[in-house]
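Please keep the sequence and the model open while reading.

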Amino acid sequence: MFYRLSGIHHANYVSDSRIFKVPADRNLAAFVFLFGLAAPFILPSLYLNSYMLPWLIWTAAALGLNLVTGWAGQLHLGYAAVMAVGAYSAIHAARFGVPWEFALIIGGLASSVIGSLFAFAALRVKGLYLALTTLAMQFVMDWVLTHSPAISGGSHASLQSPTLALLGQEITSDTGYYYVAFGWCVLVTIFMLNLKRTGLGRALVAVREKDFAAAILGVNSFYYKILAFATSSFIAGVSGALLVATFFFLAAPEQFSVAVSIQVLAMVIVGGLGSIIGSYFGVALILLVPGLVNGFVATASQSLGMQINVETLAHIPNAVYGALIVIILLIEPLGLGKLYGNIRDYLLVWPFDQLRK
Amino acid sequence: MDWIFLSELAINGALTGLLYSLFAIGLVLIYKASSVPNLAQGGLTMVGAYVVLALSHDAGLPLWLAIPLAAVIMFGLGFGIERVALRRLAGRPVVMILMLTLGLDIFLRGTTLAIWGGTSRSMELGVSYEPLFMGDIFISRIHLVGAGVAIGLFVAFMLFFRSRTGIKLRAIADDYMASWSVGISVERGVGLSWALASVVAVAAGVIWGEIQGVDQALSLLLLKGLTVAVLGGLDSILGAVVAGIILGIVENVGSDFLDPLVGGGSRELIVAAVLILTVMIRPHGLFGRHDIERV
């Protein structure tokens, strides 16, 4: 009923490899896209700036990590370090006078180069040991950032981002920042949607499932692993640069610490490995819910007349954040994307599946 | 070259390293039984320290009673964590298990701080801060006590693994299916390993809490503990002790050489480098089993 399937026959390969096989999905995506376009006129600017904008940029970043962890199956616990490389190179380039369009690309490419170093670990080991190596590399990158004033911006260890300007237009309004983030997120989403149906995407999945078997099929797993790391690092670099340029306005090493790496991985896994819509849900859950719960607890305690310690209140979001990861993994290890898929599968045949029972 | 200074660095490094082992033994116990990398060990250590504090300072029990009581509580907590969380993810890909333990770590840290607050508190074990002089070399007493505890735990676990329950745990570590088929309760064994690791976390929490104060920094030991566990081979307790001593010496002596060159703070760098080099050169560590799948 909700997903009308009558008259949909995929009779050739071109139609079978469409991004949206059911028109209802396409309509839903179009509706969400239009809502995204109209958001600055609908939502108050506080929501736009403090919820929608970080949500979109983190989603783009999480999709990049999903490419390497969900598609290519390589664990990555140093993603924030790669984002940091992109952010710092782009901002240094922009401060040097390079136009922002090129500065963003420079940031992405610099991330690609450094991110490919992580891939060399992936060529040696996999699974847990890869996770530990990338974690150690994250610590090394953190150390380099905090110990080299030339990169991190002197004694205060913070680097002011110059005003963002794209296509000759200086961007200073909230709406402008939002559209930049929205555009980048849409771009990455379209890339990831198409990845599924290209040879590259299938090769990555083959490498994930079993690299020996992929090698037998003629898929060079070394090449595709490096490619996956380089591509995801590019996305990470540009996302990191945009995050600083439109949200933080100031680059500091702690914005890209180990905890952030873990947070992005949590977004991807809670959302569902290899699921694009899941990444949107995962980022929303991890980024927004702890703050909302905290606000709820604060108001609830006030209206009930209870005194909650300030320190307790400060640490509740962390506890909620950890609990969310654990609970989602226990309910559905494949993440929110899978939960969404289950609901969709149920609605797909909705009134009629009752007949079988 | 000042040999006395160097040997002082080495001995104190070795003692600190044994304290890392104290942390790593917990990781190894769980990895041995269930091949689960327990990234929540830092959180457990923190909870352990805070429970001891809550019993001794807040409830007013003497320390000799508070520590065993905390060990009992943590034993139950470890069992509970395995029962509620880990068992349901058994057999899932390692990325999900890693994430689950990371989530547990964040949750334990957040809850502990929400209950007891984040200000650093001291353990007040009653070990004097007077340095101990051995010839010209001076040694911190608390480090010596901690190293003693680490070695004591090591001996205890060596004996434990010869007992009937210990042999069952070794069988589980060797082969799940085979242990199942001879009637060993694998679930209970894995639960026991979590419980024991939580008890080890109490020991680590008390000693480290005395050295650096009981606060959030306790969970930052994770990288060092992981490095020690990997260097020793993730499933060898002897490896954890030996690797702890090695890492402690390398870190202490190495940072003394490197700090003037890079302007301080090279300890983290050395630890991360040791971890990367171990995984690259010898992923199964010094004493680990060789069945690590290379790409």
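**A buried phenylalanine in chain B**

B:Phe23 is found in helix H1 (residues 3-34) of chain B, where helices (H or I, at least four residues) and strands (E, at least two) are DSSP runs numbered from the N terminus. With 30 other C-beta atoms within 10 Å, B:Phe23 is buried; a residue counts as buried if 20 or more other C-beta atoms lie within 10 Å of its own, as exposed if 12 or fewer do, and as partly exposed in between, with C-beta atoms placed from the backbone. Leaving aside neighbours within four places in sequence, B:Phe23 is in contact with B:Gln41, B:Thr45, B:Ala204, B:Leu221 and B:Gly225, a contact being two residues whose C-beta atoms, placed from the backbone, lie within 7 Å. B:Phe23 and B:Gly43 are 20 residues apart in sequence, and their C-alpha atoms are 11 Å apart in space.

This is a predicted model, in which local features need pLDDT of at least 70 and side-chain atom pairs count only at pLDDT 80 or more, while totals for chains, interfaces and linings use all residues. Residues are numbered from 1 along each chain as its sequence is written, and chains are lettered from A and ligands numbered from 1 in the order in which they are written.

**The nonpolar core**

The largest nonpolar core has 201 residues, and those with the most contacts inside it are A:Ala181, B:Leu22 and B:Val200; such a core is a set of buried Ala, Val, Leu, Ile, Met, Phe, Trp, Tyr and Cys residues joined through C-beta atoms within 7 Å. Helix H8 (residues 186-212) of chain B gives the most to this core, with 15 residues. Not counting residues up to four places away in sequence, B:Val200 touches B:Leu22, B:Ile25, B:Gly26, B:Leu29 and B:Leu153.

**Helix pairs in chain A**

The axes of helix H5 (residues 100-124) and helix H6 (residues 128-147) of chain A come within 9 Å and cross at roughly 150 degrees, the axes being lines fitted to C-alpha atoms, for helices over the stretch in contact, and the angles running from 0 to 180 degrees between N-to-C directions. H5(A) and H6(A) are therefore roughly antiparallel to each other, given that angles under 35 degrees count as roughly parallel, over 145 as roughly antiparallel, 65 to 115 as roughly perpendicular and the rest as oblique. A:Phe118, A:Ala121 and A:Ala122 of H5(A) make the contact with A:Leu130, A:Thr133, A:Thr134 and A:Met137 of H6(A). These residues divide into 5 nonpolar, 2 polar and no charged, where Ala, Val, Leu, Ile, Met, Phe, Trp, Tyr, Cys and Pro count as nonpolar, Asp, Glu, Lys and Arg as charged, and the others, Gly among them, as polar.

Helix H9 (residues 199-209) and helix H11 (residues 221-248) of chain A have axes that come within 10 Å and cross at roughly 110 degrees, which makes H9(A) roughly perpendicular to H11(A). On the H9(A) side the contact is made by A:Ala203, A:Leu204 and A:Val207, and on the H11(A) side by A:Ser221, A:Tyr224, A:Lys225 and A:Ala228. By class, this contact has 5 nonpolar, 1 polar and 1 charged residues.

**A helix pair in chain B**

The axes of H9(B) and helix H10 (residues 237-262) of chain B come within 8 Å and cross at roughly 120 degrees, and that makes H9(B) oblique to H10(B). Among the residues that meet here are B:Val228 and B:Leu231 in H9(B) and B:Val242 and B:Ile246 in H10(B). The contact as a whole has 8 nonpolar, 4 polar and no charged residues.

**Two loop residues with positive phi**

Phi of A:Phe249 is near 65 degrees, a positive value in a residue other than glycine. A:Phe249 is found in the loop between H11 and strand E4 (250-251) of chain A, and with 13 C-beta neighbours inside 10 Å it counts as partly exposed.

In chain B, B:Ser35 has phi near 55 degrees, likewise a positive value in a residue other than glycine. B:Ser35 lies in the loop between H1 and helix H2 (41-58) of chain B, and its 16 C-beta neighbours inside 10 Å make it partly exposed.

**Where the chains meet**
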